[in-house]
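Trainee: I have a structure to read and would like to learn how to go about it. Where do we start?

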There are 2 protein chains.
Amino acid sequence: MIVGILGGGQLGRMLALAGIPMGLRFRFLDPDPCAPCAQVAEQIVAEYDDPGALDRLADGATVVTYEFENVPAQVAQRLEAHARVHPPALALATLQDRLLEKQLFTECGIAVPDFVPVATREELGAAVTQLGIGDGLVIKSRRMGYDGKGQAVIRPGSTGILPVPDMAKMAVLLDAAWSDVSSHAENGGLIVERFVAFTRELSLVGIRARDGDTRFYPLVENHHSRGVLRSTIAPAPDLSPGLQDGAENHARAIMRHLNYVGVLAIEFFESADAAGKPVLLGNEMAPRVHNTGHWTIEGAATSQFENHLRAILGWPLGDTTPRRMCAMVNILGRLPRPEHILAIPGAHLHLYGKSERPARKLGHVTMVADAHDQLQGLIERAQRALPPDAA
Amino acid sequence: MIVGILGGGQLGRMLALAGIPMGLRFRFLDPDPCAPCAQVAEQIVAEYDDPGALDRLADGATVVTYEFENVPAQVAQRLEAHARVHPPALALATLQDRLLEKQLFTECGIAVPDFVPVATREELGAAVTQLGIGDGLVIKSRRMGYDGKGQAVIRPGSTGILPVPDMAKMAVLLDAAWSDVSSHAENGGLIVERFVAFTRELSLVGIRARDGDTRFYPLVENHHSRGVLRSTIAPAPDLSPGLQDGAENHARAIMRHLNYVGVLAIEFFESADAAGKPVLLGNEMAPRVHNTGHWTIEGAATSQFENHLRAILGWPLGDTTPRRMCAMVNILGRLPRPEHILAIPGAHLHLYGKSERPARKLGHVTMVADAHDQLQGLIERAQRALPPDAA
């Protein structure tokens, strides 16, 4: 039984490592001849829109899926005509566009930060005036955003002494932001979003089976630096009652709306309402297994990778119950010595077979513990065991 | 970092699946071009004693190990001259000979069933007379025994009315047993062993690091049928106090004696002493990861496969604490439909990429639960979900 996968990065590699024990074979399409998948499975080295390569990917495959959400949605649509593709191309098309994504969040009852779509430099100025700088604004490309690329931030104070901004300084800043972000926007336009004073970022990873059965892992707490995920704590500590159920209900509504099959990840901001009660605001989604779900390999009864495969193959979903408390720390840019990581109690090392490059995700470390209060110490120990710049 | 492995069966495949996430690459030597390792790593297809193939296996490998204990010990000795080999060739040579193995058990304080080594048909008759038929005798080849091959059993009553055996019947039986077993014996001779009235078979999987650090998984309970392991329950239920410590002390003594590095498995008979107190008798050992340790993939903090690799690479050993109760059921001869297995709560499927053949080990199912009393029901459910002959 062959599973075809668009994209051959670490997510695909971990899907293969989860699926090989279940008797599956994998075939990847990725233009990079050094893709991490190549060490564990067959790889077709070609562009994502190469028709012959797509035919070879789908040939004899029981199902085709993706591990990279910036595959052109048209490619998935084309594949759907002659192969089973999960998640649906509609999900890809929706989640590739921050505007459509926010509209979907809103339709499904998920609050989002205030935002205005803009198509020109002039509209950008008008949007900033309309929203006001407040606690700050984030300018994002509608399309192709990934790990903080294609974003600019306008902070209060950066345009002169508050409360009246210096309009000349503002124009310079907006020129720079427009030039920077629109270069990533591929004619898709931008959105300007009001910065949310959030307590923390939480994310939810869930799975929907072909028969509509859904399962969810617990909400996890994520820590970013310079726009890149550094660590995840699972389950999220000190979660207010009702947040997990609320997040699951939102995710279920989205999955139903998209007729979704497979793993879906949703990133939320945890903020507070007027009464100080914690609420979730939708930030963004990924139609695939997700970095904030890597802890499930050691920390849950069934990993997100195994569950994605079970879902897209029409098999029964596995138990998502967390078994232990987990901390996940990303390895960025430089490789650690394995023995330094493995000396940490409860640590497991995951390397992706990639070469060193500044800020590149090369692997992750998962550490399990019996209680949340042990995790912070383990995270710090892992960060010390990683080379400078890797943590 | 390359790990060379002699043998390319399912044990090697599971070693690779455990090691690839730690950034390791694998190279296997196995004469079977359809070996299970071939789907996940590089394979040299050649006989185990092919000098050129052995050179290629060791070339650039950080360490060489084995996943199959019937590799000629001379091969491991030859490799030791120009590569790091763990476990040592001495362990292989000792464990390939039931007589040396029993002598080692005895030296290390492990009781064994009464036995007599025999080299000829005449000595076989004398040994049977010396031991008496009692509850029965097992005749085994000293070498190359595997999954019940190379064994014959003389049962009380099979030679006429007790207590006086019919000597003519006895001679016919011993002729047949001699002919059957000695055909597997490769000039290594046989041993005749008194059948032990045991309560159950328990096994211990442990790991010794290069620096002498040792770790042990809990004793597990094994169920065989027609000489082949069918299921394992981990940890073994209702274990008498002291048995785990006793087994660990025995294993530590053996590991020290052999200057052992890597995973070692020891099978024990649980029997009762004159006062009715449970005692362990040594049955046999395997110098490798072991079928009765497969449950550790889902059931322990670190799997036997990861720990074997950590040990032979000189890395710190991982936590062997069991996380849940587990039942492991072997899949023999015929392949199940994955969805039938995965519908069982807490079940995980492991297939080895092998084609169907009567009684062949094709995979295993691991089921996790919170309490021992759930496991028997899960085992029965798995056996019903397997095709007839597969359970």
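Mentor: We start with a single residue. The model is predicted. In it, B:Glu270 has 20 other C-beta atoms within 10 Å and is therefore buried.

Trainee: Which strand holds B:Glu270?

Mentor: B:Glu270 is part of strand E13 of chain B, which covers residues 262-272.

Trainee: Which residues is B:Glu270 in contact with, leaving aside its neighbours within four places in sequence?

Mentor: The contacts of B:Glu270 are B:Phe198, B:Thr199, B:Arg200, B:Leu202, B:Pro278 and B:Leu280. As for distance, B:Ser182 is 88 residues from B:Glu270 along the chain, and 29 Å separates their C-alpha atoms.

Trainee: How do I read strand pairing?

Mentor: Strands of a sheet pair through backbone hydrogen bonds, in either a parallel or an antiparallel sense. Strand E8 of chain B pairs with strand E5 (residues 115-118) of chain B in the antiparallel sense, over four bridges. E8(B) also pairs with strand E6 (residues 137-141) of chain B, again antiparallel, over five bridges.

Trainee: Which residues stand opposite B:Leu190 of E8(B)?

Mentor: B:Val118 has B:Leu190 as its bridge partner, and B:Ser141 stands opposite B:Leu190 as well.

Trainee: And in chain A, what is the strand order of the sheet with four strands?

Mentor: The order is E3-E2-E1-E4 in an open sheet of chain A, with parallel pairing. Strand E3 (42-44) and strand E4 (61-66) are the edge strands, each pairing on one side only. From one strand to the next, the twist averages 25 degrees. Within this sheet, strand E2 (residues 25-29) of chain A pairs with E3(A) over three bridges, in the parallel sense. A:Phe28 has A:Gln43 in E3(A) as its bridge partner.

Trainee: Which helix lies across these strands?

Mentor: Helix H2 (residues 51-58) of chain A lies across strand E1 (2-6), E2, E3 and E4 of chain A, and runs at about 125 degrees to E4(A).

Trainee: Next, the core. What is the general idea?

Mentor: In soluble globular proteins, nonpolar side chains tend to be buried together. Here the largest nonpolar core has 198 residues, and A:Ala382 and B:Ala382 have the most contacts inside it. Leaving aside neighbours within four places in sequence, A:Ala382 is in contact with A:Val329, A:Ile341, A:Ile344, A:Ala347, A:Val365 and A:Met367.

Trainee: How many residues of chain A and chain B are in contact with each other?

Mentor: 24 residues of chain A are in contact with 24 residues of chain B. On the side of chain A that touches chain B, helix H11 (338-342) and strand E16 (347-351) are the elements giving two or more residues. That side of chain A has 15 nonpolar, five polar and four charged residues.

Methods:
Residues numbered from 1 in each chain as written. Chains lettered and ligands numbered in written order. Predicted model: local features only at pLDDT ≥ 70, side-chain atom pairs only at ≥ 80, totals over all residues. Pairing = 2+ DSSP bridges. Axes fitted to C-alpha atoms, helices over the stretch in contact; angles between N-to-C directions. Contact = placed C-beta atoms within 7 Å. Nonpolar A, V, L, I, M, F, W, Y, C, P; charged D, E, K, R; others polar. Core = buried A, V, L, I, M, F, W, Y, C linked by C-beta atoms within 7 Å. Buried ≥ 20, exposed ≤ 12 C-beta atoms within 10 Å, placed from the backbone.
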